[in-house]
Structures are given as structure tokens and as C-alpha cells.
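Q: I am new to this structure and would like a close look at one part of it. Which residues surround the ligand? Please then go on to the rest of the chain.

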Amino acid sequence: MVYKINNLQEYQREYAASVENPEAFWAKQAERFQWKKKWDCVLDWNFSEPDVKWFFGGKLNITENCLDRHLLNKGDKIAFYWEPNDSAEARRSITYRELHTEVCKFSNVLKSLGVKKGERICIYMPMIPEVVVAVLACARVGAIHSVVFAGFSASSLSDRINDAKADLVITSDGSFRGNKTIAIKDIVDEALENSPGVKNVVVYKRTSQPVTMKPGRDLWWNELIEKASPEHEAEPVESEDPLFILYTSGSTGKPKGVVHTTAGYMVFAEYSFTNVFQCNEDSIYWSTADIGWITGHSYIVYGPLLAGVTSVLFEGIPTYPNPGRFWDVVDKYRVTHFYTAPTAIRALMACGLEYVTPYKLDSLQVLGSVGEPINEEAWHWYDDHVGKNKCPIVDTWWQTETGGILISPLAGITKTKPSYATLPLPGVQPVIVDSEGNELKGNNVEGNLCIKFPWPSIIRTTYGDHERCRQTYFSTYKNLYFTGDGCRRDEDGYYRILGRVDDVINVSGHRMGTAEVENAINEDETVIESAVVGFPHDIKGQGIYAFVICEDPELDHETVRQSVLATVTRIIGPIAKPDKIQVVRGLPKTRSGKIMRRILRKVAEGDVSNLGDISTLLDPGVVEEIKKGALVPLKG
Ligand code: PRX
């Protein structure tokens, strides 16, 4: 067993070994980490409950593996270069030793606030080094972090705090994003009106804007940390103790808290990071994701730190002060490994080459893509203009639930093919099934993507509702983990992800449940009922198309639109705002009251050439009316 795969033959050998004897394979990988107590049993699992345990009986602390383990040889190596939103502001860099000290100090702050092992802590912060410190300090004291993307609304934040029963929130006064300053603490204050269980809020001073500090509840990070000791002994936790909860959208209305546990997640985050990106001692790695998403967890915080790599942490957005910002940052730090989402590539592509050509980009060695299918045009643009045809592109397929990358080229090793995620990582056993769950063997097949054997960072449960985890991922097909994605395996055995087959829309790489958006729209005072579907969008991959029935049919449509947009922003956040809102008098429902979404999808896609059988509709007439009012040109 090798730790870092060097060539295709080695990949094939490792893959075969991982399938033949997964326990021996992963035990070998786990051995290079620091354990407080070695495991008793490598793997125990069944997919029917589901119940998956990796490295059971072991004790460890992941932060010792991210930080303490590196102090002897890499203490003075930069862990993060921090690039602020405004490039004129002083940048910061933080070494592994400094990060260790900050994490120890903040762990002592958490201890002084009475935080105990297993407690949930909500983190709602901008992309500053302190968000990494907060995440790691939670892990160091054995608390479970629940990071909420700081673009979510007060109402979404409050729902997540309540679901996780978090006692403590860590936040900042405000945040800088492009030319906007966002009042983060005000959003937290509003959320806490509906989250009475929160005892303390720790506030990092980032923007110095005025905020209200509630006496007895709210505390300044900057004051607490000044008094904190830099010595902290990491709390030993069990291998299967939860490390974090991360909320994600599904087909049903309420986002669910995906739970990842400690040891298996750690081993897979590091293994996948090391092998997919193939960084070396001198690499400068940059993932443009936000910590609020799984990519931020696995491939900004844990993976790179476990591997002892230097990363760039970026506070800003790709288009501020202009669409050349990414490339400016790449040149400034001599970034070697760059990981972003297709939506960002398409947005920058649309701005024109004049924002790319002024930059050298000669430090780049590997490019990555994540979050949604990358279309061929975007793949080639990325390859030609960013990678200058000399950087392999790793199109990494994975999910919040998988904890780490499952299908992807290994940089420089696997031959790439535009828009293909290519081959599974060692330890990952994908299968493609038809709608009845029959495995489609061989190549040149298309169906639903499942995984038939557990990998170390597989989802363990959905917080507070194990049955929901079973139902969502393990009940569709017996003894298989169902991904929710459609997939094709081509003549070379390469996997191409075709997108979601459930009621989930992937908007700019962010997952939105149609039911979740509908629930938000239905809260609007102008609306009685709504139905939401996805449609192809040039930049976002998929856009949100909402059909709404109004309380007052005479109401001016623009008024309805503005009202719905404001309501969705208030309830979920700006990322869930529909791109198109069509006011309709009725929705195509069957006699049993079910909305026929395929008709709405066809209209939203602009292709009504074949609507299929509509005779079972309660009122087939609504289809004509919907077609007439469509907000896209219709074919057929
Ligand atoms: O549909 C797939 C798509 O994103 C979904 C997972 O979303 P999320 O949990 O938010 O995680 C995103 C970051 C890992 C998947 O079910 N997806 C993710 N990566 C790819 C992808 N679709 C195609 N190609 C990818 N590389």
C-alpha cells in the first residue's frame, strides 16, 4: 500500500487492493496518523440501518493531526496566506505554529465558557483566519461544529441553530464581500430571537461597525483571547464521535444536518486530498470555496492541514474589484493548485479574456473543478486560458454526504476527458443501477449512481433523525448508498455525472431543494401556492424557475416578483432567489392533487415539443395558459 500514488499502474494496484481487502488497505492509511489509542476494529457496517463504524475503539484528536504533528518539522511553514476582500488591506500569513497557538488559545476560551465534549457550536463567520481557528478549536475540545454559510438569512440560521441545539454561536461584527459590508452580527441577533437556547455569542471584530452587545450573552473574541493561555492539551475523542454537522438541502422541505465522525473523515480527507491534487512540499494550494460548504471543510481546513500544505484563504469574491481578481491572487501568491466551481469559470468566461491575459498564471500546475457538472466549453476555456494547456484538470465528484472526493482524476496520473469525473478513488466502489435497482454492469451504461461499499468518510446519520438518513440514502436501493445523481459509464469505464435525478436543483454549485424554495415562496403574502423547477442557466448551471398562483389575480406581476424575491431572501437567503417567476392561474395537477413537475420542467426548459400524456390532469387547460405566459421562448 502506498500513501501517495505516482502513476497509473500504481493507481490500478491500489484500487484492486482496496477492493480486495478494504480493511487492510485503510488500516495501513490510518497508521501514519497520531492516535491516542489505536482502534480495535477497522470496519463494522451494514447499509440497512445504516450503521457504519471505522477504526472503532480508537481515540484521537483531529487537530493534533492537523497541527501538533507538524510542529517539529513544519512549525514555521505557512499554513495560510490570507488575502482580504480589499487587496489594499494588509494581507496576513499564519504558520503552522502560529495557527496551533491560536487554536490552543481559543480552545481555552471555549473551555472557559463551559463548552463540553459533544456540545454543538454554530459558526457563522466570513472567510478570515479566525473561522479556521474557530472550527479547529471546536474539534480540539471535542465539541461538534456546525458551520452555517454566512450568506444564509436569520431565519435559516435560527433553524440550523435550533435543529443542532447549539448553545454557542461564533460570529463577527460584520463582513466585507465585494463592495458590500454585511451586518453579520445583526443577522445573528435576529436569528437568536427564535433561538432562545443560545447562551453565548462570541464576536470577532472584523469591520468595526457598530453592533449591539447583549450583556451576559455576547462577548468579544478579541478580549477573550488576550487573556487565554496558549497551552492546551487536545481532548481525546472516540473514532466515531461526531466531528461536525453540516446542513444541506434535499428533496424534502427542511435541510438536514449531515453528520461526519472523526477518524474515518480524517483519514479520507487527507488521503483524497493528497492523491487527487498531488501537492508537494512547495505547493501553494487555493480552494476558492467558502467554509460554509463541505468543500471548505474538507479541502480548505482539514485535508490541506492534515497534509501539511500551504494554502491561500480568500475573503473576497471573483469579480471584485474586477473579474481579474482570481488571476491576480494566483500570480501574487504563485498558486500552484487552484480549485474552483464551474459557475465561477463560466461567469469569468463571460467577462472576456481581457481580464485573464494580463496575468502570467505561470505558477499553476493543477486545476480543479467541483460542485456541478462542468460543460465542455467551460472545461476548454479553463484548460486553454487558465491552465495554458499544461495543467491537468481534476473534475472532482462528491457530495456533502460523502465527506470527500469519490470520483476524480488523480492530477497528472489519470488521463482526463472534458466533463468526465473519470475514475473512482481507491476504496470507492461505484455502481450504476436502473430504476428497479438492477446493477448495470459493463461499460456504455447510464442510470443512477450508487456506492456499494462504505468508504471511511461516508455520512453516519442526519442529526437528530436517523430514520431520515436511512430513508434518503439507504432505502431506495437495498444495500446501496444512493447518491441522487444520474451517471454514465463510457466505453473506457470513465464516469460522467449527469446531474440530480431528484427534486434538487444545483444553482451555482449550491444545492437547493425545490420544496424548500416553494415553502419560502408560499410564505409570501401575495402567493397562495407555488411550484419550483430547475432550468438550464448559462452561468449558474441551473436556474430556479418558479410558477406562482397569486392571492389577487389582478396584482401587477412585477409587484409579485419583487415581493417573492424579498420573501425568499428573508427566509433562506439571496442564493435561493428564483431567476424567473411566472404568475399562473393554476398548476398542472393530477386528480390526486400531485403537481406534474415534468410539464413545468419542460416549459422552464423552453421545450414543449413532447409534454407526454396530460389527460390525467384535473384541468388540462392550465397547460395552455402556462405555455402562453412562459418567460422563455418555447420550441414545439
Ligand atoms: O449533483 C452532484 C453535484 O453536487 C452534488 C453535491 O452537492 P453538495 O453536497 O453541495 O456538494 C458540492 C461539493 C462537493 C452532487 O450530488 N456535483 C458535485 N461535484 C460534481 C457534481 N456534479 C458533477 N460533477 C462534479 N464534479
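A: The ligand is surrounded by 17 residues, and the closest are Asp-395, Thr-400, Asp-485, Arg-500 and Arg-511. A residue is near a molecule, and so part of this shell, if one of its heavy atoms lies within 4 Å of it. This is a predicted model, in which local features need pLDDT of at least 70 and side-chain atom pairs count only at pLDDT 80 or more, while totals for chains, interfaces and linings use all residues. Residues are numbered from 1 along each chain as its sequence is written, and side-chain values use heavy atoms, with hydrogens and water left out.

By class, the shell holds six nonpolar, six polar and five charged residues. Here Ala, Val, Leu, Ile, Met, Phe, Trp, Tyr, Cys and Pro count as nonpolar, Asp, Glu, Lys and Arg as charged, and the others, Gly among them, as polar. Three elements each supply at least two residues of the shell: helix H10 (294-307), strand S20 (393-396) and strand S25 (495-500). Helices (H or I, at least four residues) and strands (E, at least two) are DSSP runs, numbered from the N terminus.

Polar contacts come next; such a contact is a pair of N or O atoms within 3.5 Å, and within protein one must be able to donate a hydrogen and the other to accept it, with residues adjacent in sequence counting only if both atoms are side-chain atoms. The side chain of Asp-485 has an N or O atom 2.6 Å from an oxygen atom of the ligand. Asp-395 places a polar side-chain atom 2.8 Å from a ligand nitrogen atom. From Glu-372, a polar backbone atom is 3.4 Å from a nitrogen atom of the ligand. On its own the ligand has 540 Å² of accessible area, and the protein covers 96% of it. Accessible areas come from the Shrake-Rupley method with a 1.4 Å probe; for residues, only the protein chains shown count as cover.

Now to the strands. An open sheet of eight strands runs in the order S12-S11-S8-S6-S7-S14-S15-S23, with mixed pairing. Two strands pair if DSSP finds at least two bridges between them. At the edges are strand S12 (218-220) and strand S23 (461-462), each of which pairs on one side only. Inside this order, S6 (residues 120-124) and S7 (residues 144-147) run parallel and are joined by four bridges. Across that pairing, Ile-121 stands opposite His-145 in S7. S7 is covered on both faces: Ile-144 and Ser-146 on one side, and His-145 and Val-147 on the other, are all buried. Buried means under 20% relative accessible area, exposed over 50%, and partly exposed in between (1.4 Å probe, protein chains only).

Strand S21 (residues 430-433) is also covered on both faces, with Pro-430 and Ile-432 buried on one side and Val-431 and Val-433 on the other. Four bridges pair S21 with strand S22 (residues 445-451) in the antiparallel sense, and Val-433 stands opposite Asn-448 in S22.

Helix H6 (residues 154-164) contains Ser-158. Ser-158 counts as buried because its relative accessible area is 3%, and its side chain reaches the backbone oxygen of Ala-191 at 3.4 Å. In the loop between H6 and strand S8 (168-172) is Lys-165. Its phi is near 50°, a positive value in a residue other than glycine. Lys-165 is exposed because its relative accessibility is 56%. A positive phi, near 55°, is also found at Arg-334, in the loop between H11 and strand S18 (337-340). With 38% relative accessibility, Arg-334 is partly exposed.

Two peptide bonds to proline are cis. The bond from Glu-49 to Pro-50 has omega near -10°, and Pro-50 sits in the loop between strand S1 (41-46) and strand S2 (51-56). The bond joining Tyr-320 and Pro-321 is cis with omega about 0°; Pro-321 lies in the loop between strand S17 (310-314) and helix H11 (325-333). Most residues other than glycine have a negative phi, and most peptide bonds are trans.

The whole structure has zero disulfides, a disulfide being a pair of cysteine sulfur atoms within 2.5 Å. For Cys-41, the nearest cysteine sulfur is that of Cys-469, 20 Å away. Cys-41 is partly exposed, at 28% relative accessibility. For Cys-138, the nearest cysteine sulfur is that of Cys-122, at 9.7 Å. Cys-138 is buried, at 0% relative accessibility.
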